[in-house]
Amino acid sequence: LPEEPQPPIVPSCPLPGKICDVVRSERPRSCCGMAVAGLRTAKYQLPEWHRRNAGIFHEASAAGEQAERGRAEAQQLAKRAAASAQRAQQYSKNTLGQRLQDINFWRTELQKEVMELDAETNLLAAQKLRLQRALDATEVPYAVVIDNLECRDRRQPPDLVTDQVERQLLKEAELIRDIRDLLKRTIIQATTQIRSNRIQKENCELDWSDKVETHHIDDKCLGYCPDSTNVQSHPSSVKFEETASTPKSWAQFSQDNICGAEQEKLASAQLRSLISSVIRDASEDLRLQRAAVGEAFDSHCRLLADAKRRLEHHLQQILKDIGEEEANIVNLKKAIRDKEAFLKVAQTRLYDRSFRPNVELCRDEAQFRLVSEVEEIAVFLEALKRKLMESEQNLRNLEESRMKLEKEIAVKANSIFIDAEKCMGQRLRYPVDLEVASYR
């Protein structure tokens, strides 16, 4: 505070320069002086009268000077008190104004953090919704893969093999399960982060609400003046509260809330980026695996169709061979019948000639020729019968081959139907893109 001004010096009034000496009277005092306090019954002497008047003047002058000095000091004290009170109140007002600026600064920062946290939470909630939609979109591919595996289990034993298609389908099923697990874990992580965002937002809102109320109180205090009608005396208000914070801890509290909000926003933004990456990578993996399964199906279907064509070609050849073999058997039977007719003729001739009488029963050239004919025909008949048996066996073999080929063709047709019609037809329901599906 500036040095207070010294009170002005008031000049004193001049006192009488000479005091008259009065000769004390030798007259005896009255005995009643004790009864009348301060009064004398005897008359005063003139010097005594002058001395008494001078004493009264002197006391009155001293009292006046003392009163004048007191009034001057009181005026100076009142001025100093008024100036000090004005300065103190102005300083308090300036301090309150600065405090209002600090409160307004932190209130604005907290409000900004609340709005940004709310916006970030909404963005994260939208990403969480994308995750849930992507998870729902994986149900159809998983059902399609399981249906494909179950359909292929109904293939007939010759084609019930662990081929490349089955390996790719099992790989796809495992991939979808892994993706579903990853999406579920990411949804839980997003839910936890949204809860953390809302808790931090609530902390900032409570701090902001306190700042708003405090700003209103201090703004009202700033408007008080000595002429205000709503000011009262509160002697006990000068005591400090035990739970009161310090300016450092007060600012640190808001700073911690803001830092916490910034950390949650950063973690939320990183999680949103992670969610986009997860959905994009999962969609790409599913697309590549779907293409691999489709290629395996196409390759296997071409292989089945080629095998079926070859089997059908062999079946046509077998049917042709069966027809030729049946015709050959008919010809062989006809040839055997024809040879048997010739054999009967020769045998009948030999039989009839055996009835020749006496010497006529001669071993002539005709006899030898007939015997030779019978033997020759018998040899051919035996050869034809063996060939007929071979042809009949060949026909039975051809029939068995025909049945095997027809069965194998039916198996291939069933496998083609399962792979090409059932499985690939079901795969048309497969979502085109998991990332696109997450927005629907």
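This is a predicted model: local features need pLDDT of at least 70, side-chain atom pairs count only at pLDDT 80 or more; totals for chains, interfaces and linings use all residues.
Helix α3 spans residues 164-222 and helix α4 spans residues 247-353. The two helices pack with their axes 9 Å apart and at an angle of about 165°. Angles over 145 degrees count as roughly antiparallel, and α3 and α4 are therefore roughly antiparallel to each other. The crossing in which α3 passes α4 is left-handed. In the contact of α3 with α4, 23 residues are nonpolar, 15 are polar and seven are charged.

Two aromatic pairs are present in the structure. A pair of aromatic rings is described by the distance of the centres and the angle of the planes. One of the pairs is formed by Phe-105 and Trp-106, with ring centres 5.2 Å apart and ring planes at 70°. Planes over 60 degrees apart count as edge-to-face, so the pair of Phe-105 and Trp-106 is edge-to-face. Phe-105 has a relative accessible area of 44% and is partly exposed, whereas Trp-106 counts as buried, at 12% relative accessibility.

The pair of Tyr-351 and Phe-355 has ring centres 5.0 Å apart. The planes of these rings are at 80°, so this pair is edge-to-face. Both Tyr-351 and Phe-355 are exposed.

A contact between a charge and a ring involves Arg-99 and Trp-250. Arg-99 lies over the face of Trp-250, at 3.7 Å from the ring centre.

Conventions. Residues are numbered from 1 along each chain as its sequence is written. Side-chain values use heavy atoms; hydrogens and water are left out. Axes are lines fitted to C-alpha atoms, for helices over the stretch in contact, and angles run from 0 to 180 degrees between N-to-C directions. Helices (H or I, at least four residues) and strands (E, at least two) are DSSP runs, numbered from the N terminus. Angles under 35 degrees count as roughly parallel, over 145 as roughly antiparallel, 65 to 115 as roughly perpendicular and the rest as oblique. A crossing is left-handed if the near helix is turned anticlockwise from the far one by less than a right angle, and right-handed if clockwise. Ala, Val, Leu, Ile, Met, Phe, Trp, Tyr, Cys and Pro count as nonpolar, Asp, Glu, Lys and Arg as charged, and the others, Gly among them, as polar. Rings of Phe, Tyr and Trp (its six-membered ring) pair if their centres lie within 6.5 Å; planes under 30 degrees apart count as stacked, over 60 as edge-to-face and the rest as tilted. Buried means under 20% relative accessible area, exposed over 50%, partly exposed in between (1.4 Å probe, protein chains only). A charge sits over a ring if NZ of Lys or CZ of Arg is within 6 Å of the ring centre and within 35 degrees of the ring normal.
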